[in-house]
Amino acid sequence: ISVRKRLVMREKKPPPPRGWPSSESAAARRGARCTTDESTVLGGARSGKSRYAEQAVTALPPPWIYVATAEPFDDEMRARIAEHQGRRGANWQTIDAPTDLAGAIEDAPADRPVLVDCLTLWLNNLMYRKINIETAIENLEAALAGRAAPTVLVSNEVGFGIVPDNAEARRFRDLQGRLNQRIAAMAGHVILMVAGIPMLVKGEP
């Protein structure tokens, strides 16, 4: 049964586009322009991107690997983390990777689906700790290229709003946009979430 059919059978969950990654799709797409069996889910705040990515991954056989980049710096972030944890059942295995995202992906079981949520908090953590961002992204690209199992990455689209009023915020916006471009270039599928509705940006229709 296909990933699409599995999600349709659940009825209350939005079905992914045709061609969403499955356990068998890596070999079928060898020779394609994308370099990994990777999908990117983009969207603004509260666009439904995390929930959609979780539903797509759970359409595949468990166990599923959840790579979390958030850190509980304050009460608001602790509440957000708890909300996400509350949606995950026993079949999820969580790896915390606030900075070493490449290492977490490389350490994940090679044959299991991986969900990374999210690249935006990861980038924020790199900036906060003054870690070399270019090196970190290159390591991430290498880790993704080495995976054969489906990998779904969630990231914020931060370029639709007004121009930030300070230099550091503008730097973050620019770095996020470039990071999204690089990860999307590797992806077989790119989804943009708008008001909870998935829009296929890249991949087979």
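This is a predicted model: local features need pLDDT of at least 70, side-chain atom pairs count only at pLDDT 80 or more; totals for chains, interfaces and linings use all residues.
Me: How many helices and strands does the chain have?
Reply: Helices (H or I, at least four residues) and strands (E, at least two) are DSSP runs, numbered from the N terminus; by this reading the chain has 8 helices and 7 strands.

Me: Which residues of helix α3 are buried?
Reply: Buried means under 20% relative accessible area, exposed over 50%, and partly exposed in between, with a 1.4 Å probe and protein chains only. Of the 205 residues in the chain, 45% count as buried, and in α3 (residues 49–58) this holds for 9 of the 10 residues, namely Lys49, Ser50, Tyr52, Ala53, Glu54, Gln55, Ala56, Val57 and Thr58.

Me: Which salt bridge does Glu83 make, and with what N to O distance?
Reply: Side chains of opposite charge can pair when their charged atoms come close. A salt bridge is a side-chain nitrogen of Lys or Arg within 4 Å of a carboxyl oxygen of Asp or Glu, and the structure holds 6 of them. The side chain of Glu83 meets that of Arg46 at 3.4 Å, N to O; Glu83 lies in helix α4 (residues 75–86) and Arg46 in the loop between β1 (38–43) and α3, so the pair ties together parts that are 37 residues apart in sequence. Glu83 is partly exposed, at 33% relative accessible area, whereas Arg46, at 59%, counts as exposed.

Me: Which residues are linked with Arg182 in a network of salt bridges?
Reply: The network links Arg182 with Glu134 and Glu141. The side chains of Arg182 and Glu141 meet in a salt bridge at 3.0 Å, N to O, and this pair links distant parts of the chain, with Arg182 in helix α8 and Glu141 in helix α7 (residues 133–145), 41 residues apart. Arg182 is partly exposed, with a relative accessible area of 25%.

Notes. Residues are numbered from 1 along each chain as its sequence is written. Side-chain values use heavy atoms; hydrogens and water are left out.
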